[in-house]
Amino acid sequence: MKKIKVALAGQPNVGKSSIINSITGARLHVGNFSGVTVEKKEVFIQRDGYEIEIIDLPGIYSLNAYTPEEYVAKHFLFEEDYDLIVNVVDANTLSRNLIFTMQLMDMQKKMILIVNMIDEVEKQGGSVDKEQLEELLGIPVILTSAKEHRGVDEIIDQIIRSHEQPKPKNKIFYDERIEAQIEKIVKVLHKSPHFKDPDYARFIAIRLLDRDEEIYKVIHDLPIFIELHELLGKIYKHLEREFDEESTSDIMSDERYALAKALVMGALKSPPKRISLTDRLDKLLIHPIFGLPIFLFFMWLLFQLTFEIGSIPMEWIDAGFIQMSNLVKAVLPEGAIQSVLADGVIPAVGSIIMFLPNILILFMGINLLEQTGYMARTAFLLDGFMKKFGLQGKAFIPLVSGFGCTVPAYMAARTLKNPTDRIITMLVLGFMSCSARLPVYVLLIGAFFPTSHAGNILFIIYISGAILGLIVAKVLRLVLFKGEPEPFVMEMPPYRFPSMKALAMELWIKAKLFLKKAGTFIAGASMIIWFLSAYPHQPEIEAHYMQKIEAVQDEATKTLLRNEMVAKELEASYLGQIGKTIEPIFEPLGFDWRMSVAVVAGLAAKEVVVSTLATLYAVGEADEQSHTLIQRLRENVSFKAAIALIVIIMIYSPCIAAMSTFWAEVPQWAWRGFYLVYPNVLAWLMAFGVYNILGWMGY
Amino acid sequence: MKSITECSIGCEGIIVRIKAKEPVKGRLFSLGLSKGSELKVLDHTLAKQTWEVESDGTKIALREEEAASIFIEPKGCEA
């Protein structure tokens, strides 16, 4: 089958992803761009004997790459092998988008222009003249609305048509004075065997006028460099004097701007201006005085909902797993297999799946903030505040995503251009408690605080993590990184009603991943924990206690002795031995060896803390009143030690997945090392402080 | 000619000069802020540390330093 490879390029917020999602019969594949952890979405479509592969590039404002993500997109466009470019633009902001379109057209590749969100322009009484735009640009144009599924399926037909036909003639020409200089550069480029192709040479010449440093590096090593360098120097000076501008890149920008204006004039009938919904909402949501309180209210509401609504199905799930465990006990013969399933795996997996509703609600909230466009507003509101702590407003987006999951949050930090800003943001990101830590908090809050306060306590935990992150950022900025934070320039996308389909899709993927993780990784980890807690067998202890139990008549004493036996056995197990070894580290925090083991196991994944506690406090028959883990915790753990545990969970290293993401994102060994050590030291010190302060206060 | 930070909310005008250095200048440009384009000051935070402007249907948030580097010829707004 013949293959067509398509690069899908466009500025951020133009709806590229929704176009990809709405192509009929497409197979989606999500991966990474090679060597970097930028998400790479590809779709495959089979049509008319072709297999068409569309690669969704990260949103990019211009070819003058600014952020790491933009470099990825630029690198792909310049270096990779593909057949044509599909450029998506937003009909609402056509002229700005067309500036980038012209940069892409400079590449002289086959190209299709997609004018998306056409419905929004038309609804307001405007229109885009497709034929006129095709005529002016010289490339095929498709008007689409991903929301109304309009024009989307034409895209594939057009891709095949464009692929089969020869490339239409270039129609984008700049001012004569510029074209004359381009010709001069092309002439010199032709002397090198690399630039024999006139289209390619023209592209290189234009990029040189754009002062693209990467292109400059390419020609730097060629034999024609000396001649070219001399010529470029003259041309730069000549054009700058001619146009009275500081740099040829400004001249090119002005040219493209003027061309885009002319294109829009010819092809777009603007809607009459009126106050949009976005303007009205912004009046309130980013109000100088009310903006911040409104934001804080939203965050508070989110955590309340997470706790309140999430707790409703929890009991059903818990009951379901207890049933399942009993069923296994009834069906399977007594022995190691029955025990590993009924006492080890099922309760552990159950104790985690219970938190699925909480996690989904939290994720949905963060996703909504992002999709509606409110997240950008919060960056605007908080930039001044963040600047005081040596961060910038845009860092707020990865920080809030950190409440969902630290892994994508590390990746979101790529939108920060300045490496110093980025590393500071990434170093404090771990203090934004991710949703995997939620189960630990919910469990401990449930055990040690009255239910009426639960939502508020949860809010306090998250807020204090965030505040700690800000303080640490400030310290890092003062001690390790001097200098100004990067400039803050950010688009504020219009508010959009979130797509329920996309939201449902995200939640479904999230739920699936979570269940898969619970069923494999966490089940495996809890099996190991169970094994370590059940072996080696202790026949002497058992025999010793059995004798004692036989000897007494009283049922209550029997139960007491039985519990003592189980506890003794557990202490002598492998896990008990490990726990005893590390106990001294955690002893100043009031942790027993069980909590110590749980904390260390939590380095694999935070959910494992809960399942480990469940295994360690639940092994064996406890007495009649304490069925649940919560009750066992209340009996075994002091209030101040529980708070110290919350503090540790809040601060110490995130899970293995997050740590490896950090390693992939940060190449410097010094930072990697620092990242591995400092959160754990800080966590211990903070927990120690809290434990002792609570001690003095009489808890 | 005055810089954005000298304007009050609601002020409109045409950009006559952008003093910012590269790469900020390039970024402003790719967001549609360029010599000759219309600009409207939409909002600023209480301490005037962050500003919001609109140009050709795009809303852009800027920090004080960047906003101060953009100069407009105001029309239809009082000083």
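Tutor: One definition before we start: two strands pair if DSSP finds at least two bridges between them. Also keep in mind that this is a predicted model.

Student: OK. How many residues lie between E4(B) and E5(B) in their hairpin?
Tutor: There are 2 residues between E4(B) and E5(B). Asp56(B), in that turn, has a positive phi of about 50°.

Student: And how many bridges join E4(B) to E5(B)?
Tutor: 6 bridges join them, and the two strands run antiparallel. E5(B) covers residues 58–63 of chain B. As for partners, Thr50(B) is bridged to Arg63(B) in E5(B).

Student: What about E3(B), how does that run relative to E4(B), parallel or antiparallel?
Tutor: Antiparallel, with 4 bridges between E3(B), residues 38–44, and E4(B). Val41(B) is found opposite Val53(B) of E4(B). The hairpin of E3(B) and E4(B) has 5 residues between the strands, and there Lys48(B) takes a positive phi near 60°.

Student: Is E4(B) buried or exposed?
Tutor: Buried: 6 of the 6 residues of E4(B), residues 50–55, are buried, so the strand is largely enclosed by the rest of the structure.

Student: Which residues point which way from it?
Tutor: Thr50(B), Glu52(B) and Glu54(B) point one way from E4(B). Trp51(B), Val53(B) and Ser55(B) point the other way, and all of these residues are buried.

Student: Zooming out, what order do the strands of the sheet come in?
Tutor: The order is E10(A)-E5(B)-E4(B)-E3(B)-E2(B)-E6(B)-E1(B). That is an open sheet of 7 strands with antiparallel pairing.

Student: Which strands are at the edges?
Tutor: E10(A), 489–492, and E1(B), 2–3; each pairs on one side only.

Student: How many bridges does E10(A) share with E5(B)?
Tutor: They pair over 4 bridges in the antiparallel sense. Within that pairing, Glu491(A) stands opposite Ile60(B) in E5(B).

Student: Changing topic to helices. At what angle do H7(A) and H10(A) cross?
Tutor: Roughly 175°, and their axes come within 10 Å. An angle over 145 degrees counts as roughly antiparallel, so H7(A) is roughly antiparallel to H10(A). H7(A) spans residues 176–190 and H10(A) residues 225–243.

Student: Which residues meet there?
Tutor: From H7(A), they include Ile178(A), Ile185(A) and Val188(A). Among those from H10(A) are Leu228(A), Leu231(A) and Ile235(A).

Student: How many residues of that contact are nonpolar, polar or charged?
Tutor: The contact of H7(A) with H10(A) has 7 nonpolar, 1 polar and 4 charged residues.

Terms used: Residues numbered from 1 in each chain as written. Chains lettered and ligands numbered in written order. Predicted model: local features only at pLDDT ≥ 70, side-chain atom pairs only at ≥ 80, totals over all residues. Buried ≥ 20, exposed ≤ 12 C-beta atoms within 10 Å, placed from the backbone. Axes fitted to C-alpha atoms, helices over the stretch in contact; angles between N-to-C directions. Parallel < 35°, antiparallel > 145°, perpendicular 65-115°, else oblique. Contact = placed C-beta atoms within 7 Å. Nonpolar A, V, L, I, M, F, W, Y, C, P; charged D, E, K, R; others polar.
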